[in-house]
Amino acid sequence: MSLFTFVPAACVFGASKIDWQNVLSHSIYFMPNDVENYMISAPCHGAVLGAWLGGWPMPLDWERPWQEWPICVSYGAVAGYLVGMAVSVVLVAVHNRRVRAKAD
């Protein structure tokens, strides 16, 4: 989880508390910001949400090999990260279109 959530933000923002708060809050999705914020925040939120959703099938039946402890949560985190990457591409495209429309 920290590979998907903490490491990209730490590489881009370092120890800046204000940047961390801006990136990890949900307010960046509703107001225009830098493209880096979308590319860091959406996959981060996607990984956390994917891991949470990946934990749901675990209590159904422990006798199946694919429902053992780290497998569901890990696959959910990876899937959520990939969905978050796709969402960030869409958000960047919308942001660029909005910036171009303001420039015209």
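Biologist: Where does UniProt place the "transmembrane region"?

Modeller: The UniProt record, an unreviewed entry, puts that feature at residues 73-94. UniProt positions follow the numbering used here, feature names are shortened, and annotations may be inferred rather than shown by experiment. This is a predicted model: local features need pLDDT of at least 70, side-chain atom pairs count only at pLDDT 80 or more, and totals for chains, interfaces and linings use all residues. Residues are numbered from 1 along each chain as its sequence is written, and side-chain values use heavy atoms, with hydrogens and water left out.

Biologist: What is the chain like over residues 73-94?

Modeller: It is 100% helix and 0% strand there, with the end C-alpha atoms 31 Å apart. Helices are DSSP runs of H or I, at least four residues, and strands are runs of E, at least two, numbered from the N terminus.

Biologist: Why is Val 73 called buried?

Modeller: Its relative accessible area is 18%. Buried means under 20%, exposed over 50%, partly exposed in between (1.4 Å probe, protein chains only). So Val 73 counts as buried.

Biologist: Which residues does Val 73 touch, beyond those up to four places away in sequence?

Modeller: Ala 51, Gly 54, Gly 55 and Met 58. Contact means heavy atoms within 4.5 Å. The C-alpha atoms of Val 73 and Gly 55 are separated by 5.3 Å.

Biologist: Is Ala 86 buried, partly exposed or exposed?

Modeller: Partly exposed, because its relative accessibility is 44%. Ala 86 sits in helix α4, residues 69-103.
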